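Visitor: I would like to learn how the terms for a structure are applied. Please show me one and let me ask about it.

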Protein chains: 2
Amino acid sequence: MSNLAPLRRSTLVEDVYERVKALVMEHTLAPGERVNIDALARELEVSATPVREAMARLESDGLVRKRPLAGYTVSPLLSRQEFTDMFDMRVVLEGAAARWAATRASAEARAAISAEAETVAPLDSSDGRRSHAAFTAVDARFHDLIADTAANPLLRDSIHRLHAHLHIHRLYFPYAQTGTTGEEHRRISAAIAAGDPDGAEAAMRAHLDAARSRHLPAFD
Amino acid sequence: MSNLAPLRRSTLVEDVYERVKALVMEHTLAPGERVNIDALARELEVSATPVREAMARLESDGLVRKRPLAGYTVSPLLSRQEFTDMFDMRVVLEGAAARWAATRASAEARAAISAEAETVAPLDSSDGRRSHAAFTAVDARFHDLIADTAANPLLRDSIHRLHAHLHIHRLYFPYAQTGTTGEEHRRISAAIAAGDPDGAEAAMRAHLDAARSRHLPAFD
DNA sequence: TCAAGCAATATCCTATAGGATCCACGATCC
DNA sequence: GGATCGTGGATCCTATAGGATATTGCTTGA
């Protein structure tokens, strides 16, 4: 009976960080909006001190910006240039992740990726259509799974950071085409399952280039 | 007369962050060492509050680790595996940086990179030999310059973060061979100057692989 | 009507204090 | 002798208060 989870006794800072991060991710706190620390502290029923510390961490994540002596604001939406830069980074990082996943993944991991690639977003109960939120959730899980499988913590964290920003952007432009995402995912997954690093990287790069093209019209 | 620097009125948190970061980078605070917040606050002649906020930022940088309710410790030295992972990341990120620098750099930037590649570490005044510190400083400037030239803020920040950890490691193993570093740098610079993205990326990857090989014996 | 200057308010930033938790050391028991 | 338990001290974490700064709105003048 070893290797138990470290039993996280939480501090308020931790909880506040998670809560505020969620507020930003679900755009209850909108991009560009000012964040009043005192008001936020009252809302969460804590004092300002742990809130300030949590905000410092969020700033390092790039989710909020700080102006000294003038408070925090939620990071504004990505400009077209920033969005392009982000996808350039994704191509580089996730391309490498796919490559390494193809060489390093365990049999279980390959199976998990294949399963995720076959997953189809569930139908929305209200209107019977596939919701945008459900689609992005499936997409995010697929990409995060590959990032995890690449077995490089630095790479994994970098990719996760980028995905947070992508998630925020998607919430504001929920009309991007789904296109051939499913098929592209299956191609990536097939290459990883086959242990083909070149093919996996190429498929991932192609997928991300296509995804970028699907998103770019939102900036017109 | 526009475009003046925003005139950073600093807050204590900013100053403390820079000071503590320097303490870690120059290993006045040694890897693995516990960081007593109250003692550090007394030392810097400030209260614990801004120190805590600065530590939260340093944790996001990976320079310190936090155990809830048990304080901060300076991040331990990289294991062999972590060191290898870091260089895997460098190959990916800096390879892309070299590629983009080759296509996007202005004439001035190309000249600056070439000049930096020709720079030789100054001789130490005391013993007349090239000091390890001087060599690493020149090396760091060359790589940072390319990262800046790639014109992607996300990429630049990611590379800078990695370099901080590399710097700490180097201070503890100051006997790594210099080898053919100078020549490798000149090869990278030549490809960038020539606007050859494939060549620049290949040269950077070769350089980093060689550098990793020069460092790895430190773990034996 | 618009710009500039000033006052009042809101907000941020830091210091301090006290409760909560962990760590080290010694005592006790097997 | 070695392990377990309990206590004292150190340290962390949070709340609160007050000084410092930015922002807002109004007034004044051109």
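Visitor: Which residues is I146(B) in contact with, leaving aside its neighbours within four places in sequence?
Guide: They are A97(B), A98(B), A101(B), I113(B), I188(B), I192(B) and M204(B). Contact means heavy atoms within 4.5 Å.
This is a predicted model, where local features need pLDDT of at least 70, side-chain atom pairs count only at pLDDT 80 or more, and totals for chains, interfaces and linings use all residues. Residues are numbered from 1 along each chain as its sequence is written, chains are lettered from A and ligands numbered from 1 in the order in which they are written, and side-chain values use heavy atoms, with hydrogens and water left out.

Visitor: Which residues touch the most other members of the largest nonpolar core?
Guide: I146(A) and I146(B) do, in a core of 66 residues. A nonpolar core is a set of buried Ala, Val, Leu, Ile, Met, Phe, Trp, Tyr and Cys residues joined through side-chain atoms within 4.5 Å. Another core, of 47 residues, lies apart from it; V16(A), L44(A), V51(A) and A54(B) are among its members.

Visitor: Why is R65(B) called partly exposed?
Guide: Its relative accessible area is 43%. Buried means under 20%, exposed over 50%, and partly exposed in between (1.4 Å probe, protein chains only). R65(B) is therefore partly exposed.

Visitor: What makes the pair of R65(B) and S75(B) a polar contact?
Guide: Their side chains make it at 3.4 Å. The rule asks for a pair of N or O atoms within 3.5 Å; within protein, one must be able to donate a hydrogen and the other to accept it, and residues adjacent in sequence count only if both atoms are side-chain atoms.

Visitor: What makes R104(B) and D88(A) a salt bridge?
Guide: Their side chains meet at 3.4 Å, N to O. A salt bridge is a side-chain nitrogen of Lys or Arg within 4 Å of a carboxyl oxygen of Asp or Glu, so the pair qualifies. Across the interface of chain A and chain B the rule finds six salt bridges.

Visitor: How many residues does each chain bring to the contact?
Guide: Chain A brings 29 residues, and chain B brings 29 residues.

Visitor: What is the area buried between chain A and chain B?
Guide: About 2500 Å², with 63% from carbon and sulfur atoms. Buried area is the accessible area (1.4 Å probe) that two parts lose on being put together, summed over both. In chain A, E53(A), M89(A) and L154(A) lose the most area to chain B.
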